[in-house]
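Colleague: I would like to learn how to read a model like this one, feature by feature. Could we look at the structure together and begin with the packing of helices?

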Amino acid sequence: MADAENHLIQQLPKTVRQRFLDLCEPFDLVLSAELSERDKTLSHAYFPREGFISLVIDVDSHPPLEVGMVGREAMLGSELILGLAKTPWRALVQGAGHSWRIPPEALRQASDDMPELRRLLQNTLLVRLHQQALASACERFHMIGPRLARWLLMSQDRAESDSFHVTQEFMALMLGVRRVGVTEAASEFQQNGLIEYHRGELTVLDRAALEAQACSCYESDKQLYTELMNGNKAH
């Protein structure tokens, strides 16, 4: 049996896991690819095995703002089990990698047929709703530096590496701020030995110090995931 690598799929009992994987197909996550458009229904649900996806919302003429991040700890498209809901955000591949994907109809049928899968999908949908609410509050109340530290830690967690590719322009896009603000914060982190950044390649040098700089939302986000996903595990 193929190694699912996605943490949600790995939580399924072995027989259920194989039944579900038989319904899925491998899909490459290409850097900067757009997996969904605003106000359109997702064509598939995605379960990253490596790489990660940003959920970006556009409001009028304001800069786009990231309101969520999906790596192999979660999935993109949990709301599909509720019906043909249109998404208010765009899903952009931020870290290249591989995933499983499944059409909406097949996902809903699998959810009906496999109670263990249904519980996981419901839990991950609840996690994302909580995390997006937290992200909105973070954007409103926290300064750029702590928010950038949080975002870098979240990216490192999902890249599962000390080094990953990201441009200052993309960091500004994800935080919904002007590039100059990100440049100043990133330069301070680099001068203090927390990160190394050169031509789009970023390396976290001192994770403990970066965690100390991050706003409280980073730990709150992880705690939410642990509590909500472990509260009703599939058996």
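Colleague: Which residues in H5 meet which residues in H7?

Modeller: Please keep in mind throughout that this is a predicted model. On the H5 side the residues are Ile-144, Gly-145, Leu-148, Ala-149 and Leu-152, and they meet Gly-181, Val-182, Ala-185, Ala-186 and Phe-189 in H7. The residues of this contact divide into 8 nonpolar, 2 polar and no charged.

Colleague: How should I describe the way in which two such helices lie against each other?

Modeller: Two packed helices are described by the angle between their axes and the distance between the axes. In this case H5 and helix H7, which spans residues 179-191, pack at an angle of about 70°, and their axes are 9 Å apart. Angles from 65 to 115 degrees count as roughly perpendicular, so H5 is roughly perpendicular to H7.

Colleague: Turning to the sheets, what is the order of the strands in the open sheet of 4 strands?

Modeller: The order is E2-E6-E4-E5, and the pairing is antiparallel. Strand E2 (34-36) and strand E5 (65-70) are the edge strands, each of which pairs on one side only. Neighbouring strands of this sheet are turned against each other by 35° on average, with direction ignored.

Colleague: How many bridges join E2 to strand E6, and which residue in E6 does Ser-36 stand opposite?

Modeller: E2 and strand E6 (residues 90-95) run antiparallel and are joined by 2 bridges, and Ser-36 stands opposite Ala-91 in E6. H5 also packs on this sheet, where it touches strand E4 (52-57), E5 and E6, and its direction makes about 30° with that of E5.

Colleague: And what is the order of the strands in the open sheet of 3 strands?

Modeller: There the order is E8-E10-E9, again a sheet with antiparallel pairing. E8 and E9 stand at the edges with a single partner strand each, so one side of each is left without a neighbour in the sheet. From one strand to the next, the twist averages 15°.

Colleague: Over how many bridges do E8 and E10 pair, and what is the bridge partner of His-165 in E10?

Modeller: E8 and E10 pair in the antiparallel sense over 3 bridges, and the partner of His-165 is Glu-201 in E10. H5 packs on this sheet as well, touching E8, E9 and E10, with its direction at about 100° to that of E8.

Colleague: I would also like to read the loops; where is Glu-160 found, and what is its phi?

Modeller: Glu-160 is found in the loop between helix H5 (144-159) and strand E8 (163-165). Its phi is positive, about 55°, although Glu-160 is not a glycine. With a relative accessible area of 48%, Glu-160 is partly exposed.

Colleague: Is Arg-199 buried or exposed?

Modeller: Arg-199 is exposed, because its relative accessible area is 75% and exposed means over 50%. Arg-199 is found in the loop between strand E9 (195-198) and strand E10 (201-204), and its phi, near 50°, is a positive value in a residue other than glycine.

Colleague: Finally, where is His-62 found, and what separates its C-alpha atom from that of Gly-193?

Modeller: His-62 is found in the loop between E4 and E5 and counts as exposed at 53% relative accessibility. The C-alpha atoms of His-62 and Gly-193 are separated by 33 Å, and these two residues are 131 residues apart along the chain.

Methods. Residues numbered from 1 in each chain as written. Predicted model: local features only at pLDDT ≥ 70, side-chain atom pairs only at ≥ 80, totals over all residues. Heavy atoms only, no water. Buried < 20%, exposed > 50% of the residue type's maximum accessible area, 1.4 Å probe, protein only. Pairing = 2+ DSSP bridges. Axes fitted to C-alpha atoms, helices over the stretch in contact; angles between N-to-C directions. Contact = heavy atoms within 4.5 Å. Parallel < 35°, antiparallel > 145°, perpendicular 65-115°, else oblique. Nonpolar A, V, L, I, M, F, W, Y, C, P; charged D, E, K, R; others polar.
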